[in-house]
Amino acid sequence: MAELLIAPPDEVLLGLRSIAHSVDTRGEGFFLPLSGPTGTGKTTLANSLSAFLPEYFCQTFEHPESSTITFESLQATAIKGRELTSLDDHRILPINVDNREGAPPSERELAEIKRFLRSPKTGNKAIVVWPETSQSIAHQIGKDFQQIAGATIISLPFEAKGPPRNTWQDTAMHVLHLCNEITSLEELGINPKNYDPNKHSTLGEFLKKISIDFDKQAAELRASTQKPLHLLITFVSESIEAGALTHLTTPSKYGLLDANGLLNATKDSAIGKWWAARRALLTQSIIKLNARAFHLPPSTSMIVLRRFGPEDVVKKLNALTKKSKSKLPRADQSRVAEYVRRTDLGKYMSSSTATAYETRGRPPEEAKAAFAAMAKQGIWTVGKDKQLNGAMLEALKIFLASANIKISEAQHEKSIEGLPLIPDNSMKIGEQVFCIEYAWRSGEFLDSGNRSEAAQYCLTKLKNYALAFGWTAP
C-alpha cells in the first residue's frame, strides 16, 4: 500500500514538541483531545507522530475497541506497544483511541486516564490521543480533563490542521499517481489543477471529490469494452529477471503498462510515432484493457512444455534432460500448477498477492540452459509458436482448476464470443475476459538492450486491440 505523508503546519509541530518537552520535564504522560472536521487528517496525525517528530515519538499503537477505558486496558496497550520498540528506546509512546468519536469519556474514564498517565514505566512516557470530529465535544473533553488533572502546557483540545490549500492540487496529483499507478492522469480528463480547493472545507473532501470523478471516468472507459478485459502480454525467453519490463510498466507488482515508459523506449520507431500522435488514446487504451506486461521465466516455460508441449518438443526436452543429467523437475500436473502459481501471470489471474516480478524457479540455471538449447533447434520461430501457446493454455487451465477457479470458456488461437480479434489464449472467468499474448524469444530478451523491441511489441498489440474495437482509425 502506498502512503503519502504531508507534514502538518509549523504551529502543529510546535505544539507537539511542547507536549513532548512537558512529558520529559514533568515525568507524566499527556492526554490530547484532537479536534478537526472529517478529512482534516486527525487519524493520520495521530498515527504518524514518529514520522513527523521521530526524535520525540516512537510508533503509534492503537488502543483496541472496548466499551470502557480503564487503567488496566491502557496499561495493557502500553505494554504491547513497548514490545514493538527496543529496550533502549525511551521516546514517548503515542496511544490512539480512534474508535470513540462522538462518545466522549466519562468522568470515571478521565480519572482512569489520569491515573494511567502518572503510572511509572508505562503511562508516564505515553501520550493518549483522542480524535474527535465535533468541536463542541472536543472542547468539553479538554475542559473536563483539566478540571481533574490541572492546567496543561497547551490549550485543549489540540486542533489538527492539514497542509495549506495552495498545496492541495499537487497533493491530489501525487495521491492519484500512487493509488492508481497511472502517470498520465490528465489524459483521462482528470486533472487536479482544474479543481478549486476553496470550494472544499478540508483536504479529505477535496481528495474525495477528485477520487470519485476519477473512478467514474475509469469505470466508463472500461465499460466501453462491454466485457471487463485484461490484456496480458507475456514474454517467454531465457531471461530469469523481468529486466526491461521494469522500465515499461508502472512501479507496481502487477506490471501495468506505462504510456510514458513505452514511448520513451522507442521514440523513433514507426509504432512509437503512431502512438505519439495519439498520446491520450494510448493511456485510455491501457486503462480499458487493463494492459499488463509479464515475463515467464524458463523454469516455468520448460516444465509446461515438457508436460503439454508438442510431441517433438517433449521428446527433445526429455532427451536433453537425460543426456545432461539435468535437475529439471518432473513434469506432473501438480508441479506445473505450482510453477505457474509462482509467476506474476498466474498470481494476477488468480488475484493473489504478488511481489514485483516473480523470478524464482527450481533450478533456474538448468532451465535457462534447456531453453537456450531448444532455441538453437528453432522451436520458437514464427509459425511454430501456436503449439507452444496451446501448451500454455493447458497449463493455465490446470493451475486455475487447482486454485478452484471456474473457467467458462478457454480458447487457443480462437476468439471468444464478442471479442473482435483472436488472441493467443483467451479465457473467460465469470464476467472477466483474459486475453494473453505470448512473445517467445531466444536469448535473454529482456535485458536492457532489447527495451525498444519489447516496447514495440507491446505498442503493436495495443494498436491491434484499439483498431479492432474501433477506438481509432488506422
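## Salt bridges

A salt bridge is counted here where a side-chain nitrogen of Lys or Arg lies within 4 Å of a carboxyl oxygen of Asp or Glu. The structure is a predicted model, in which local features need pLDDT of at least 70 and side-chain atom pairs count only at pLDDT 80 or more, while totals for chains, interfaces and linings use all residues. Residues are numbered from 1 along each chain as its sequence is written, and side-chain values use heavy atoms, with hydrogens and water left out.

Over the whole structure, the search finds 12 salt bridges. One of them joins Glu444 to Lys368, with 2.4 Å between the closest N and O atoms. This pair links distant parts of the chain: Glu444 lies in the loop between strand E10 (432-440) and helix H19 (451-468), and Lys368 lies in helix H17 (residues 364-376), 76 residues apart. Helices (H or I, at least four residues) and strands (E, at least two) are DSSP runs, numbered from the N terminus. Glu444 has a relative accessible area of 39% and is partly exposed; on this scale buried means under 20%, exposed over 50%, and partly exposed in between, with a 1.4 Å probe and protein chains only.

## Further charged pairs

Glu311 and Lys315 form a salt bridge whose closest N and O atoms are 3.2 Å apart. Both residues belong to helix H14 (residues 311-324); they are 4 residues apart, so about one helical turn separates them. Glu311 is exposed at 57% relative accessibility, and Lys315 is exposed at 54%.

The salt bridge between Arg100 and Glu109 has its closest N and O atoms 2.9 Å apart. Here Arg100 and Glu109 are both buried. Elsewhere, salt bridges link Arg26, Glu28 and Arg118 in a network.

## Aromatic rings

Rings of Phe, Tyr and Trp (its six-membered ring) pair if their centres lie within 6.5 Å; planes under 30 degrees apart count as stacked, over 60 as edge-to-face and the rest as tilted. By this criterion the whole structure holds 7 aromatic pairs. In one of them, the ring centres of Phe294 and Tyr348 are 5.8 Å apart and the planes are at 50 degrees, so the pair is tilted. Phe294 and Tyr348 are both buried. Ring pairs also link Phe31, Trp130 and Phe145 into a cluster.

A charge sits over a ring if NZ of Lys or CZ of Arg is within 6 Å of the ring centre and within 35 degrees of the ring normal. Arg278 is placed over the face of Trp274, at 3.8 Å from the ring centre. Arg307 is placed over the face of Phe308, at 5.9 Å from the ring centre.

Two strands pair if DSSP finds at least two bridges between them. An open sheet is formed by 5 strands in the order E2-E3-E4-E1-E5, with parallel pairing. Strand E2 (61-62) and strand E5 (158-159) are at the edges and have a single partner strand each, so one side of each is left without a neighbour in the sheet.

Strand E1 (residues 30-35) pairs with E5 in the parallel sense over 2 bridges. Ser35 stands opposite Glu159 in E5.

## Cysteines

With a disulfide taken as a pair of cysteine sulfur atoms within 2.5 Å, the count is 0 disulfides. Cys435 is buried, at 1% relative accessible area, and Cys458 is buried at 0%.
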